[in-house]
Amino acid sequence: MNTKLNLQERLTKWWLKSNGRKFIETKQFNLPGNKTVKAYLFEKLNDDTLGQLTPFGTIILNKKTTEFQTNALNYVLLHELGHKKLNILISIPMIIGVLSTLFTLVITISGLIAFSIGFIITRNRALPLMITSTIISVPIIAGAYIVLQYTLEGYADYQAIKAMKPKKFLKARAQIKERNKNNKYPKWYIYLMKATYPNAKWTIKIYEHFNKKTINSTTNK
Ligand SMILES: [Zn+2]
């Protein structure tokens, strides 16, 4: 157990370092429902990442995020914990999706290289055909990536709503949106974010749909 913990900690610190982030300290945070969560605080200039679940199952948190209002801070932590809750039924199709996307990408790129060489050497006409198929496959790969990300982020938000309830969740999302206004993100990044993070109200709608009974029983009390 102890060695596992040490390994996790070492890998997390390595993860931070490899991303150019400076590890500060580990800190316990209290969450709604008497839960606590441990996070690895980091610092990096011009890094506006709020937090992240590492591949090693630990949570890293930007020092700037700890200055948020409790509500927004809780949301970030619950969202990252939500990524961790992803169950096997969702994970498996996700992994297959990622792998097949990567596989397609490798095939496409190596095909392009091979046909280019063929074209140079033998003037093989297959190159225009290959380019056409690439033009068709790139949007499909990009689309698959967006759908995948959208589902993952939506799932994490869903878990956060479950833990903190819709009202506080909406407040937290609004607070973070307000804060993001001051950041100078490039235009493409903002569009990518919009494409990969589900709208807060939609996720709440899904939550309400699946939790009709619990919502009614708590509001009747
Ligand atoms: Zn996320």
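The points below describe a predicted model, from its domains to its strands and helices.

1. Basis. Local features are given where pLDDT is at least 70 and side-chain atom pairs only at pLDDT 80 or more, while totals for chains, interfaces and linings use all residues. Residue numbers start from 1 along each chain as its sequence is written.

2. Domains. The protein chain is assigned domain 1 (1-67) and domain 2 (86-221); such bounds come from an automatic or database domain assignment. Between the C-alpha centres of domain 1 and domain 2 the distance is 23 Å.

3. Strands 1 and 2. Strand 1 (residues 22-31) pairs with strand 2 (residues 35-43) in the antiparallel sense, over nine bridges. Strands (E, at least two residues) and helices (H or I, at least four) are DSSP runs numbered from the N terminus, and two strands pair if DSSP finds at least two bridges between them. Lys-22 is opposite Glu-43 in strand 2, and Asn-30 is opposite Thr-36 in strand 2. Three residues separate the two strands of this hairpin, and Gly-33 in the turn has a positive phi of about 85°.

4. Strands 2 and 4. Strand 2 is also joined to strand 4 (residues 59-62), by four bridges, and these two run parallel. Phe-42 stands opposite Asn-62 in strand 4.

5. Helices 4 and 7. Helix 4 (residues 126-164) packs against helix 7 (residues 200-210) at an angle of about 60°, with the axes 10 Å apart. Axes are lines fitted to C-alpha atoms, for helices over the stretch in contact, and angles run from 0 to 180 degrees between N-to-C directions. The crossing of helix 4 with helix 7 is right-handed, meaning that the near helix is turned clockwise from the far one by less than a right angle.

6. The helix contact. Helix 4 contributes Gly-154, Asp-157, Tyr-158, Ile-161 and Lys-162, and helix 7 contributes Thr-203, Ile-204, Ile-206 and Tyr-207. Residues are in contact if their C-beta atoms, placed from the backbone, lie within 7 Å. The contact residues divide into five nonpolar, two polar and two charged. Ala, Val, Leu, Ile, Met, Phe, Trp, Tyr, Cys and Pro count as nonpolar, Asp, Glu, Lys and Arg as charged, and the others, Gly among them, as polar.

7. Leu-129. This residue lies in helix 4. Leu-129 counts as exposed because it has 11 C-beta neighbours inside 10 Å; the cut-off for exposed is 12 or fewer, for buried 20 or more, with partly exposed in between, using C-beta atoms placed from the backbone. Leu-129 and Phe-115, 14 residues apart in sequence, are 9.5 Å apart C-alpha to C-alpha.

Note on methods: Two residues are in contact if their C-beta atoms, placed from the backbone, lie within 7 Å.
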